[in-house]
Amino acid sequence: MRSQMFKKFVTAATLSTLFTSALVGCSGSNDQTTVGKSEPSGTAPFKMTMMSQYESAEPPTADNPVVRHIEEVTNTKLNITWVLNSNYTDKLNVTMASGDLPQALLVVNTQDTVIVNAAQNGFFWDVEPYLKDYPNLSKLDKDTLNNTRINGKIYGIYRGRYAERIVLFFRQDWLNNVGIKEAPKTVDDYYKVLKAFTYNDPDKDGKQNTWGITENKDLGTYTFPLLFGAPNNWGYINNEVVPDFSTKEYMDYLKFMKKLYDEKILNQDFATVPGQKVSDDWNQGKIGIRGNIAENYRGESFSYLGKTLPGADVHIIPALVSTTGQKRVQKSSGFLGMYMFPKSSVKTEADLKQVLSFFDKMADDKLVKNVMMGVEGVHYKEENGIPKILDDPKYNKEVVPVVHLASRLQFINNGAPLAKEAEDAMKEIKQYGVPNVTDGIILSDESKKKLSTNKKIIDDAKIKFIMGVIDEAGYNKDLDRWKQAGGNDVIKEYTELYKKFKK
C-alpha cells in the first residue's frame with residue numbers, strides 16, 4: 001500500500017500542514033552522538049550535494065531556517081536540488097541519464113529497473129559494512145533494512161516509516177445511538193456493528209441513509225483479508241510464496257464481503273466508485289467506522305470531526321481479533337524510499353564516511369523533531385511536553401517544504417483529543433504485524449509485467465464474486481486462468497528468491 005508521505009497536521013487549536021506516510025520508528029538518540037553540538041573549532045563544514053523532494057506550494061528558499069539549522073548541527077554545507085513530488089520520477093530519470101549526480105540521491109521507488117540495474121552494476125555504494133560504526137545508523141531496524149536490499153545488498157539509508165499503522169476509527173456517538181455498549185472486539189462484533197450502523201438510524205435523522213462500510217473497487221481500504229487469516233498480500237505457505245487471493249482464508253473474506261453486499265451493508269456501487277468516496281462518506285456522516293493510519297488522528301476528519309458533524313465522538317480500535325483467534329494487522333515494508341550514494345560523486349571511502357556521518361546525525365531524535373516541527377523557539381514551543389506551533393503561516397512556509405528530509409517520522413503528541421489513544425494504539429499493534437513476505441524481493445522485469453498485465457483477471461473475479469455474478473467455482477476458474485497466464489511463473493520466481501534471500 002502506497003500512501004503520500006505526509007498529510008495535514010493539526011495542532012490542538014489550529015490546522016497546520018505536516019504531511020505523513022507509512023511510518024516506522026527507528027531508535028534514535030545516543031549519548032555518543034554529536035547532534036546538538038558544534039564540531040570542534042576550526043573544522044570546516046563538509047560540503048554535500050543532495051536531491052530531494054517537496055510537496056508544498058513553493059520549494060524551500062535558499063535561506064530556509066530549518067536547513068540552516070541542520071547545517072549548523074551537522075557541520076555541513078548543503079546544496080540541495082529540490083524537486084516537486086509529482087515530477088520527481090521524471091527528474092530522477094533525467095538526472096540518472098545525465099551522469100551529473102548529487103552525493104545523496106533520494107530514490108523513492110527502489111525497485112525501479114533503472115535503479116536495480118545500476119546497483120547491480122556497482123553504480124552505488126554498498127553501505128552495509130559501514131553502518132555498525134555509527135551510533136544511530138547501527139540501530140536501524142533490521143527488518144526494514146532487509147526490505148531495502150537489492151540482491152542481498154544495502155545500497156542506501158532508508159526513510160523510516162511505522163510498519164504497523166492501520167487502525168479503525170469509529171463513532172462512539174453512533175454506538176450509543178444504536179444501543180451497543182462496547183466497541184467491537186471480534187469479527188462477529190464488527191459485523192453486528194456494521195449492520196446496526198446501516199439499519200438502526202445511527203445519526204438519528206429518521207432516514208435509512210447510512211452504510212456499514214464504504215469500499216471501492218480496489219477492496220484495499222480495510223485490509224480485511226487479514227481478519228480471516230489470509231496473508232498480507234503474499235505469504236509463505238507449504239514451502240511456496242503464494243498470493244493472498246489464492247488462499248482459502250481469502251475466500252472466507254470474500255464470502256464475508258458478499259454477505260455485506262447482499263444485506264446492503266456495503267455500498268452497492270463499490271465496484272465503480274473512486275477511493276476518495278470512503279473519506280467523503282466518513283466526513284459527511286454516512287459511515288461510522290473506517291480504517292486509516294493512526295497518525296491521522298490529528299486531522300479534522302478524526303480528532304476534530306465534531307466541528308463539521310456536531311456530536312461526532314471519534315475513538316480508535318487498535319486491532320480486532322481475527323477468525324483465527326489472534327489480532328492481525330498489516331505490516332508494511334517500514335520505509336518510503338532511501339538515499340543512495342553514487343560512486344561517481346562520492347568518490348572515496350573517506351567521502352562516503354562523511355556522508356554517512358551526516359545521515360547518522362539526521363537520525364537523532366532531536367534533529368528528526370526539528371525537521372518535522374521546525375526550530376524550537378522559532379517555529380514551535382513546548383507546553384507541558386506538547387509542541388505547539390507558534391505561527392501557522394511561518395510554519396507552513398519554512399517547515400512544511402523540508403519535511404521530506406526527515407529520516408523517519410516519529411510519533412509526536414500534539415495535544416489533539418485522540419493523541420493518547422493513537423499513541424497507545426501504535427504501541428500495541430507493533431506486536432500484531434503480519435509482513436508481506438515479498439517485501440525486499442525484486443522480481444525480473446518479465447514477472448513484473450505478468451503481474452501487471454494479469455491483475456485485472458483477479459480484480460474482476462473478486463468484484464464478480466461479491467456481487468454474485470460468479471460463485472466459488474467461477475472464482476477458482478478465474479484464479480486458474482490467472483495462474484496459467486503467468487501467475488505460476490511469478491509464484492515460482494518469488495519462491496526461489498524468497499528461499500535465496502529471506503528464508
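These are my notebook entries on one predicted model, written down as I looked things up.

**Entry 1: the whole chain**

I started with the overall picture. The secondary structure of the chain comes to 15 helices and 16 strands. Its radius of gyration is 24 Å, close to the 23 Å that the globule rule gives for 503 residues, so I can call the chain as compact as a globular protein of that length. Along the principal axes, I found that the C-alpha atoms fill a box of roughly 75 × 55 × 35 Å.

Next I looked up cover and contacts. Of the 503 residues, 56% count as buried. I noted an accessible surface of about 21,800 Å², with 48% of it belonging to carbon and sulfur atoms. For contacts between residues at least 6 apart in sequence, I wrote down that 77% join residues at least 24 apart.

**Entry 2: strand β5 and its two partners**

Which strands pair with β5? I found strand β3 (residues 46–54), which pairs with β5 in the parallel sense over two bridges. I also found strand β13 (residues 335–340), which pairs with β5 in the antiparallel sense over three bridges.

Met51 stands opposite Leu105, and in β13 the bridge partner of Leu105 is Met340. I then checked where the side chains of β5 (residues 104–107) go: Ala104 and Leu106 point one way, Leu105 and Val107 point the other way, and all are buried.

I moved on to β10 (289–293). Five of its five residues are buried. Ile289, Gly291 and Ile293 point one way from the strand, while Arg290 and Asn292 point the other way. Strand β7 (residues 166–171) runs antiparallel to β10, and five bridges join them. One spot to look at is Val167, which stands opposite Asn292.

Then I stepped back to Lys286, in the loop between α9 and β10. Is Lys286 buried or partly exposed? I read a relative accessibility of 32%, so Lys286 counts as partly exposed, the class between 20% and 50%. Beyond its neighbours within four places in sequence, Lys286 is in contact with Trp174, Asn209, Thr210, Trp211 and Asp281. I also noted Gly212, which is 74 residues from Lys286 along the chain, with the two C-alpha atoms separated by 8.6 Å.

I checked the length of α10 (residues 349–362) for myself. At 1.5 Å a residue, its 14 residues should span 20 Å, and the end C-alpha atoms are 20 Å apart, which agrees. Its buried residues are Leu352, Val355, Leu356, Phe358, Phe359, Asp360, Lys361 and Met362.

Tyr130 itself is found in helix α4 (residues 128–131). Tyr130 and Lys353 are 223 residues apart in sequence and 7.8 Å apart in space, C-alpha to C-alpha. With 12% relative accessibility, Tyr130 counts as buried, because that is under 20%.

**Entry 3: Ser322**

Where is Ser322? I found it in the loop between β11 (314–317) and β12 (329–331). Its relative accessible area is 5%, so Ser322 is buried. The side chains of Ser322 and Thr324 are joined by a polar contact of 2.6 Å. Leaving aside neighbours within four places in sequence, I noted contacts from Ser322 to Val187, Leu226, Leu227 and Arg328.

**Entry 4: two positive phi values**

Most residues other than glycine have a negative phi, and I wrote down two residues that go the other way. Asn75, which is not a glycine, has a positive phi of about 55 degrees. Asn75 is found in the loop between α1 (65–74) and β4 (76–84), and at 15% relative accessibility it counts as buried.

Lys264 has a phi near 60 degrees, again a positive value in a residue other than glycine. I located Lys264 in the loop between α8 (248–262) and α9 (276–283). Its relative accessibility is 48%, so Lys264 counts as partly exposed.

How values were computed. Residues are numbered from 1 along each chain as its sequence is written. This is a predicted model: local features need pLDDT of at least 70, side-chain atom pairs count only at pLDDT 80 or more; totals for chains, interfaces and linings use all residues. Side-chain values use heavy atoms; hydrogens and water are left out. Helices (H or I, at least four residues) and strands (E, at least two) are DSSP runs, numbered from the N terminus. The expected span of a helix is 1.5 Å times one less than its number of residues. Buried means under 20% relative accessible area, exposed over 50%, partly exposed in between (1.4 Å probe, protein chains only). A polar contact is a pair of N or O atoms within 3.5 Å; within protein, one must be able to donate a hydrogen and the other to accept it, and residues adjacent in sequence count only if both atoms are side-chain atoms. Contact means heavy atoms within 4.5 Å. The radius of gyration is taken over C-alpha atoms; the globule rule is 2.2 Å times the number of residues to the power 0.38. Accessible areas come from the Shrake-Rupley method with a 1.4 Å probe; for residues, only the protein chains shown count as cover. Two strands pair if DSSP finds at least two bridges between them.
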